[in-house]
Amino acid sequence: MDINNKITEKIIGCAITVHKLLGPGLLESAYEECLSYELSLHNLKKPVPIIYKEIKLECGYRIDLLIENQVIVELKSVELLNPVHEAQILTYMKFAEKKVGLLINFNVTLLKNGLKRYVY
């Protein structure tokens, strides 16, 4: 199993734990804080801001989580994932030059129904 698969497996496990404890219906920010905490318990690092030409960008476009500088995680808490959500994670993967991304929608009954893995 390659390193990206191991990392995504751990991320998904942490996301399932968060979802089981919180359930659907909360704001995205709540899931992000709880998932960040859960990931830290597993020693997974998460630098967040996008760096462009050595400048730290704090604008409205930012990666939710970048795990081990390998896997981009974009979190949602929406009724339905739309094509714009897929475009968003693919754009982040392209600009950050990362091969693997996870799009996780916590606003579902079963988390597996809100999880998509992308390989660029």
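Which helix and strands do the buried residues of helix 1 pack against? They pack against helix 2 (28–41), strand 3 (65–67), strand 4 (71–76), strand 5 (100–105) and strand 6 (115–119). Contact means heavy atoms within 4.5 Å.

Some ground rules before you click. This is a predicted model: local features need pLDDT of at least 70, side-chain atom pairs count only at pLDDT 80 or more, and totals for chains, interfaces and linings use all residues. Residues are numbered from 1 along each chain as its sequence is written, and side-chain values use heavy atoms, with hydrogens and water left out.

**Stop 1: helix 1.** Select residues 3–22. Helices are DSSP runs (H or I, at least four residues) and strands likewise (E, at least two), numbered from the N terminus.

Stop 2: Color Asn 4, Ile 7, Thr 8, Ile 11, Cys 14, Ala 15, Val 18 and His 19, the buried residues of helix 1. They cover an arc of only 140 degrees around the axis, so they sit on the same side of helix 1. The arc is taken from the directions from the helix axis to the C-beta atoms. Now turn to the face away from the buried side: Glu 9, Lys 20 and Leu 21 are exposed there. Buried is under 20% relative accessible area, exposed over 50%, partly exposed in between (1.4 Å probe, protein chains only).

**Stop 3: His 19.** This residue is in helix 1. His 19 counts as buried because its relative accessibility is 7%. Show its contacts: not counting residues up to four places away in sequence, His 19 touches Pro 24, Phe 106, Val 108, Thr 109, Leu 110 and Leu 111.

**Stop 4: Gly 23.** Gly 23 follows helix 1, with a positive phi near 75 degrees.

Methods:
The expected span of a helix is 1.5 Å times one less than its number of residues.
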